[in-house]
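Thanks, everyone. I'll keep this short. Please look at the structure while I talk.

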Amino acid sequence: MPRVVITGLGVIAPNANSVSEFDQVLRDGKSGISFQPRMKELGMSCQVAGVPKSDPALLEATFLERTLHVANSAMVYAGLSAIECWRDAGFVYQSDVKGPVDWETGAIIGSGMAGIDTIAEHLVPMTASGQVRRLGSAMPEQYMASAPSAFVGGLLGLGGVVTTVSSACATGTEAILHAYEMIRAGHIQRVLSGSTEGASVYSWAGFDAMRVCCRVHNDSPEKSSRPMSASAAGFVPAAGAGVLMLESLDSALARGTRIYAEVLGGKINSGGQRGGGSITACNPEGAQRCIRQAVAAAGVSPDAVDYINAHLTGTIADPREINNLICALELKPESFPYINSTKSMIGHALGASGAIECIASILQLHGAYVHPSINCEDIHPQLEPIRAHIPSTCTPAAISTAMKVSFGFGDVNACILFSKWKN
Amino acid sequence: MTRAEILQEVLGILKKYKGRGADRTTLTESTSLADELDIDSARMVDIVLDLEGKFGISIDDSSLTKLRSIGDLADLVEQVTKQQKGA
């Protein structure tokens, strides 16, 4: 079966509008979380979020004016990330030139709820006030579940599979694994894979109502996302997108392109909402099986994993997640790999989190460092045994095998392993 | 409003609907909306809504399928304005 490698990256994150910026802010431990006046106006308890900074010059250079009229924030983030990834992988994109169809490249771009801003801000109010005729032509293309992948497919002329997957906060990692499987099965040579999530108070309101978002750091946003901390008080909602070019090794070598990493394998499963699991909680047995089977699928031993980019959102679930990792990998605390939470800097980008954090993992593999996990100086007492493996500053480290885990509502789990590419 | 003034307004509206490659096209009354400006039939709905707003008129949906060129848009505005405003 074909080996699968990563030949391009693209990201829009709350603290970076490109991969090179993201690499730097990860090293610097720079938070992208800020106070959101709109959340305050609406009386939400959590008033901080990780929202990508809009860059008008980047938008103008990337999209035609007409494109921006018919794309919501999840689509714009997906488009920017996909185009950066496409170019990073050595392909050409010009906003005003319609290139030919590329029959050997597809897009699997997931999202948790991509069209919610379109639905909440346009479709519902205009329909409810009897203005259906004035909705215009561009509603379905923005609120259909497959809006992000369809948007990317049109921008780049992709002729392979073009689809959207959705599995809540496991979406991004799952999308990448689906792309991996399609290439492994010989169905396609290249897939732009990843996920996106728009910036919408209407998405975040539901979580705020569940009392699972941080509400105690509205005046100190950069301190609000506190994975692994004793004072963690809930997750910080965020938005953005990450897209990775997965490619068969044969295709990458034939094109002579730069290779970042190899996808070793992974696993997607569910805990079945049994054994302590529910639609909002994780069955530990399901998560542990997912991790164990991902390691087996990757063909490595658990002690070969030398870095974990964890799901860790800054809630009461953090110690349980670490316990699942310890049980699944059967490692003693002293031999535990490096572990960190990218969410400590960017918050929880929901459906986009898996892809953005896979990109963080690959940048660390490629750049031989482990980024700091910020805001956990007061580490949770249950995590004290692995404290030495959680970097508080950027740590040079020749890591060669990285694991990314993602967990989502629906009791769904996804785990993927990457290895550093050595020429 | 003269034909030239209507045309000017139509061109202003079309600016935000032009597709890839359209900037390399010289716009005339015979310019094809689909072939030269890359405007598909769905977007004609939005152009008609903009024309209604700009000229204060109401355009029947049956007109949508007959619009092929920039000149067709100007013709439609002229005709409907005359019917509805008597000007």
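Start with Glu78(B). It is partly exposed, at 28% relative accessibility. This is a predicted model, so keep that in mind throughout. The side chain of Glu78(B) meets the side chain of Arg3(B) in a salt bridge, at 3.0 Å from N to O. Where do the two residues sit? Arg3(B) is in helix α1 of chain B and Glu78(B) is in helix α3 of chain B, so the pair ties together parts that are 75 residues apart in sequence.

Arg3(B) has another partner. Its side chain also meets that of Asp75(B) in a salt bridge, 2.6 Å from N to O. Helix α1 of chain B covers residues 3-14, and helix α3 covers residues 70-85; Arg3(B) lies in α1 and Asp75(B) in α3, so here the tied parts are 72 residues apart in sequence.

Next, Asp50(B) and Lys16(B). Their side chains form a salt bridge at 3.2 Å, N to O. Asp50(B) belongs to helix α2, residues 41-55 of chain B, while Lys16(B) is in the loop between α1 and α2, so this pair links parts 34 residues apart in sequence. Asp50(B) is partly exposed, at 21% relative accessible area. Lys16(B) is also partly exposed, at 25%.

How many salt bridges are there over all chains? A search of the whole structure finds 23. In chain A, a network of salt bridges links Asp102(A), Arg190(A), Glu247(A) and Arg255(A).

Now a helix in chain A. Helix α13 of chain A has twelve residues, 318-329. At 1.5 Å a residue it should span 16 Å, and its end C-alpha atoms are 17 Å apart, which agrees. Which residues of α13(A) are buried? Among them are Pro319(A), Ile322(A), Leu325(A) and Leu329(A). Asp318(A), Glu321(A) and Asn324(A) are buried as well. What covers the buried residues of α13(A)? The cover includes α12 (284-298), β9 (307-309), β10 (338-340) and β13 (401-408) of chain A. Just after α13(A) comes Glu330(A), with a positive phi of about 50°.

Last, confidence. Chain B averages a pLDDT of 92, and 99% of its residues score at least 70. For the complex, the predictor gives an ipTM of 0.89 and a pTM of 0.96. One caution: where pLDDT is low, the predicted coordinates should not be read in detail.

Terms used: Residues numbered from 1 in each chain as written. Chains lettered and ligands numbered in written order. Predicted model: local features only at pLDDT ≥ 70, side-chain atom pairs only at ≥ 80, totals over all residues. Heavy atoms only, no water. pLDDT = per-residue confidence, 0-100. Helix = DSSP H or I, 4+ residues; strand = E, 2+ residues; numbered from the N terminus. Expected span 1.5 Å × (residues − 1). Buried < 20%, exposed > 50% of the residue type's maximum accessible area, 1.4 Å probe, protein only. Contact = heavy atoms within 4.5 Å. Salt bridge = Lys/Arg side-chain N within 4 Å of Asp/Glu carboxyl O.
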